[in-house]
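Hi everyone, thanks for making time this morning. I'd like to walk you through one protein model, so please have a look at it on the screen.

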Amino acid sequence: AGLIASIGAPPSSSTVLADATRLRQVLVNLFENSVRYTDAGGCIEVGGERFEHELRITIDDSAPAVPANLVEHLGERFFRVEPSRNRQFGGTGLGLALSRPLVEAPGGRLGFDTSALGGLRVIVVLPLESS
């Protein structure tokens, strides 16, 4: 896709409470969205950090950005940033909406923000398994 991908240093040993198959579905969907909606020549950065009893995974991409007033609607059923986009070039607006309950089922959170890279930041927070 003409993008540069980078992965940050892995966090210390972190076992999350999540269904591996469902978590894989969510992450594949999020990565595919970043690839689909990032301009050629751009970049995608993935990072992970532990915060107390949670693992925070971030996916940042470069331009184009989601307009700030629309970021809060990401994850709503059938919401698409550009509603005129047809299914040949965009999705149905269900991928993020279906991802949210899969992340929330084990007590996690899925959020969105603007990225310092000029595009979108996706934040997946998952509870860590107790030691």
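How much of the protein counts as buried? Of its 131 residues, 34% do, where buried means under 20% relative accessible area, exposed means over 50%, and partly exposed is in between, with a 1.4 Å probe and protein chains only.

Before going on, a word on where this comes from. This is a predicted model, so local features need pLDDT of at least 70 and side-chain atom pairs count only at pLDDT 80 or more, while totals for chains, interfaces and linings use all residues. Residues are numbered from 1 along each chain as its sequence is written, and side-chain values use heavy atoms, with hydrogens and water left out.

Let's start with the parts list. The protein has three helices and five strands; these are DSSP runs numbered from the N terminus, helices being H or I with at least four residues and strands being E with at least two. Along the sequence the pattern reads β-α-β-β-α-α-β-β. If we take contact to mean heavy atoms within 4.5 Å, then 62% of the contacts with a separation of 6 or more are between residues 24 or more positions apart.

Now the sheet. In general, strands of a sheet pair through backbone hydrogen bonds, either parallel or antiparallel. Here, five strands make an open sheet with mixed pairing, in the order β1-β2-β3-β5-β4; two strands pair if DSSP finds at least two bridges between them. β1 (4-7) and β4 are at the edges with a single partner strand each, so one side of each has no neighbour in the sheet. On average, neighbouring strands are turned by 15 degrees against each other, direction ignored. For angles like this, axes are lines fitted to C-alpha atoms, for helices over the stretch in contact, and the values run from 0 to 180 degrees between N-to-C directions.

Let's walk across it. β1 and β2 are parallel, with four bridges, and Ala 5 sits opposite Ile 44 in β2. Next, β2 and β3 run antiparallel and are joined by eight bridges. Their hairpin has two residues between the strands, and Glu 52 there takes a positive phi near 50 degrees. Follow Ile 59 with me for a moment: this β3 residue is the bridge partner of Val 46, and in β5 its bridge partner is Val 122. β3 and β5 pair antiparallel over eight bridges, with Glu 54 opposite Pro 127. Finally, β4 and β5 run antiparallel with six bridges and form a hairpin with three residues between them.

Which of these strands are mostly covered? In β3, seven of nine residues are buried. In β5, eight of the ten residues are buried, so the rest of the structure largely encloses this strand.

What about the core? A nonpolar core is a set of buried Ala, Val, Leu, Ile, Met, Phe, Trp, Tyr and Cys residues joined through side-chain atoms within 4.5 Å. The largest one has 23 residues, and those touching the most other members are Leu 30, Leu 110, Phe 112, Val 122, Val 124 and Leu 126. Elements giving two or more residues to this core include α1 (20-36), α3 (95-104) and β5 (118-127). Take Leu 110: it stands opposite Val 124 in β5. Leaving aside neighbours within four places in sequence, the contacts of Leu 110 include Leu 30, Leu 96 and Val 103.

Where does Leu 17 lie? Leu 17 is in the loop between β1 and α1, and at 38% relative accessibility this residue counts as partly exposed. Not counting residues up to four places away in sequence, Leu 17 touches Pro 106, Pro 127, Leu 128 and Glu 129. Leu 17 and Glu 129 are 112 residues apart along the chain, yet their C-alpha atoms are separated by 5.4 Å.
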